[in-house]
Amino acid sequence: MASAPDDSGDDVFDQFLSQRGHETERVDWETSYNKKQCPECGGVHDDAATECSVCGWGPGQ
């Protein structure tokens, strides 16, 4: 789980989580050729997709 990029105090929160093995970087689409793949469920979408039609995930969530 990543913290929101504009919250104050994120550095301390992210450091706390990373010391305990959690990812703190922003998760984005995985890309292959001209398709996007959802990092949550693996659903494949056109390059213009802004939200996963399978699970509802979107960048920044």
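Because the model is predicted, local features need pLDDT of at least 70, side-chain atom pairs count only at pLDDT 80 or more, totals for chains, interfaces and linings use all residues, and side-chain values rest on heavy atoms, with hydrogens and water left out.

The protein chain contains 1 helix and 3 strands; helices (H or I, at least four residues) and strands (E, at least two) are DSSP runs, numbered from the N terminus. Read from the N terminus, the order of elements is α-β-β-β. Buried residues account for 21% of the 61 residues in the protein chain, where buried means under 20% relative accessible area, exposed means over 50%, and partly exposed lies in between, with a 1.4 Å probe and protein chains only. Of the contacts in the protein chain with a separation of 6 or more, 14% join residues 24 or more positions apart; contact here means heavy atoms within 4.5 Å.

The 3 strands make an open sheet in the order S1-S2-S3, with antiparallel pairing. In general, strands of a sheet pair through backbone hydrogen bonds, either parallel or antiparallel. Two strands are taken as paired if DSSP finds at least two bridges between them, and S2 (residues 35–37) and S3 are joined in the antiparallel sense over 3 bridges. Strand S1 (30–32) and S3 stand at the edges with a single partner strand each, so one side of each has no neighbour in the sheet. From one strand to the next, the twist averages 35°; the axes are lines fitted to C-alpha atoms, for helices over the stretch in contact, and angles run from 0 to 180 degrees between N-to-C directions.

Gln37 itself belongs to strand S2 and is partly exposed, at a relative accessible area of 33%. Setting aside neighbours within four places in sequence, Gln37 is in contact with Trp29, Glu30, Gly42, Gly43 and Val44. Gln37 and Asp47 are 10 residues apart in sequence, and their C-alpha atoms are 9.3 Å apart in space. In the loop between S1 and S2 sits Tyr33, whose phi is near 55°, a positive value in a residue other than glycine. Tyr33 counts as exposed, with 84% relative accessibility.

Side chains of opposite charge can pair when their charged atoms come close. With a salt bridge defined as a side-chain nitrogen of Lys or Arg within 4 Å of a carboxyl oxygen of Asp or Glu, the count comes to 1. This salt bridge joins Asp46 and Lys35, with the closest N and O atoms 2.8 Å apart. The pair links distant parts of the chain, from Asp46 in strand S3 to Lys35 in strand S2, 11 residues apart. Lys35 is partly exposed, at 34% relative accessible area.

His45, also in strand S3, is buried, with a relative accessible area of 8%. Beyond its neighbours within four places in sequence, His45 is in contact with Trp29, Lys35, Lys36, Cys52, Ser53 and Val54.

Trp29 also takes part in the structure's 1 aromatic pair. Rings of Phe, Tyr and Trp (its six-membered ring) pair if their centres lie within 6.5 Å, and planes under 30 degrees apart count as stacked, over 60 as edge-to-face and the rest as tilted. Trp29 and Trp57 are edge-to-face, at 5.1 Å centre to centre with 85° between the planes. These residues are 28 apart and link distant parts of the chain: Trp29 is in the loop between helix H1 (10–19) and S1, and Trp57 is in the segment after S3. Both Trp29 and Trp57 are buried.

What keeps Cys38 from a bond with Cys55? A disulfide is a pair of cysteine sulfur atoms within 2.5 Å, and the sulfur of Cys38 is 3.7 Å from that of Cys55, its closest cysteine sulfur, which is too far for a bond. The structure accordingly holds 0 disulfides. Cys38 is buried, at 2% relative accessible area, whereas Cys55 is partly exposed, at 41%.

Finally, Gln61 lies in the segment after strand S3 (44–46) and is exposed, with 64% relative accessible area. Gln61 and Asp28 are 33 residues apart in sequence and 9.4 Å apart in space, C-alpha to C-alpha.

Definitions and conventions
Residues numbered from 1 in each chain as written.
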